[in-house]
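This report describes a predicted model.

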Amino acid sequence: MIALERLHKTYPARGGARHAAVTALDDVSLHVQPGEIFGVIGRSGAGKSTLIRTVNLLERPDQGVVRVGGVDLTALSPRELQQQRQRIGMVFQHFNLLQSRTVAGNVRYPMQLAGGRTAAEMDRRVDELLTLVGLAHLKDRHPSQLSGGQKQRVGIARALANEPHVLLCDEATSALDPETTEQILSLLADVSARLKLTVLLITHEMHVIHSLCDRVAVMEQGRIVEQGRVLDVFLDPQHATTRSLLAHAGFLLDEGAATVPGRPICRSRPWARRPSRRCSTACASSTASVSICWKAA
Ligand SMILES: Nc1ncnc2c1ncn2[C@@H]1O[C@H](COP(=O)(O)OP(=O)(O)O)[C@@H](O)[C@H]1O
Ligand SMILES: [Mg+2]
């Protein structure tokens, strides 16, 4: 569904010639299958946002091909690109809501831009989407009257307005507290399964990958240094960066710590009261060397 082939992107030096140009993408190739939730993880500055922004060409690569649904976006006219972009929803870390519009007005906005729907059709779709994200009762509020989690629900509803087949999430939960993060992650999982979306998700948090993704790629200095099924990568990380990210998030524990009896142990999701879908899958075939072990509970 998403095919990125050999992408390169260099930003010119900021602040004059004394500063070096930054290579944000260095020969990056990535393939996301239809219906898959694919995570990209890496430290700040690794190139994650640049990568996800190439998928709808908000960032144009210097070299390489971007194909979504079989269409080479780099070869399209501006008008054709605009049409293709409507089928690619995007969710942002800081929500990017229009403060002057109500919740309903924000969700309606991309439909107005796209055209082709009557006012009544847009109203119906807004109601449908707000019900989907659990915000029907707040449709007349303004963003300033919402909590962070509610704002992100609006962001998700807005991203789905034009019935995209691809959803891009750039640090969608990074501005939220742990409990709200859990709720938004489970909403994303639910919505993407129901609507059969293909999701590319960027995060610097390992537990987000763990909760939601089928496969993961690890980025470091503009390159993908490791990728594979989440379970495989978590159980047997190959690259030092992956190991360090896992260790930092508490996913690499010694056996003793992971199997203390009598309480649920998941250092990465200590706030969660039950294992996630991914959690139980992982447990079924994991060894106790990974903290995704709820068996002791
Ligand atoms: N518009 C820009 N101009 C110059 N440099 C940029 C720009 N956007 C990003 N960069 C640089 O490119 C690198 C990758 O950035 P980014 O893709 O935002 O990484 P991440 O999302 O992983 O934190 C960083 O060194 C960043 O400073
Ligand atoms: Mg970023």
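**The nonpolar core.** The largest nonpolar core holds 70 residues, of which Val-107, Ala-157, Leu-168, Cys-169, Leu-200 and Leu-201 touch the most other members. Such a core is a set of buried Ala, Val, Leu, Ile, Met, Phe, Trp, Tyr and Cys residues joined through C-beta atoms within 7 Å; buried means that 20 or more other C-beta atoms lie within 10 Å of the residue's own, with C-beta atoms placed from the backbone. Strand β2 gives the most to this core, namely five residues. Domain 1 (2-87 + 164-285) and domain 2 (99-163) each contribute at least three residues to this core, the domain bounds being taken from an automatic or database domain assignment. In soluble globular proteins, nonpolar side chains tend to be buried together.

Leaving aside neighbours within four places in sequence, Leu-201 is in contact (C-beta atoms, placed from the backbone, within 7 Å) with Ile-37, Phe-38, Gly-39, Cys-169, Leu-212 and Cys-213.

The model is a prediction in which local features need pLDDT of at least 70 and side-chain atom pairs count only at pLDDT 80 or more, while totals for chains, interfaces and linings use all residues. Residues are numbered from 1 along each chain as its sequence is written, and chains are lettered from A and ligands numbered from 1 in the order in which they are written.

**The sheet.** Four strands form an open sheet in the order β2-β1-β4-β5, with antiparallel pairing. Its edge strands, β2 and β5 (71-72), each pair on one side only. Helices (H or I, at least four residues) and strands (E, at least two) are DSSP runs, numbered from the N terminus, and two strands pair if DSSP finds at least two bridges between them.

| Strand pair | Bridges | Opposite residues |
|---|---|---|
| β1 (2-11) and β2 | eight | Thr-10 and Thr-23 |
| β1 and β4 (63-68) | five | Glu-5 and Val-65 |

**The ligand shell.** Ligand 1 is surrounded by Tyr-11, Arg-14, Val-22, Ala-24, Gly-42, Ser-44, Gly-45, Ala-46, Gly-47, Lys-48, Ser-49 and Thr-50; a residue is near a molecule if its C-beta atom, placed from the backbone, lies within 6 Å of it. At least two shell residues come from each of β2 (22-32) and α1 (48-55), and α1 supplies the largest share, three residues. The shell divides into four nonpolar, six polar and two charged residues, where Ala, Val, Leu, Ile, Met, Phe, Trp, Tyr, Cys and Pro count as nonpolar, Asp, Glu, Lys and Arg as charged, and the others, Gly among them, as polar.

Technical notes: Buried ≥ 20, exposed ≤ 12 C-beta atoms within 10 Å, placed from the backbone. Contact = placed C-beta atoms within 7 Å.
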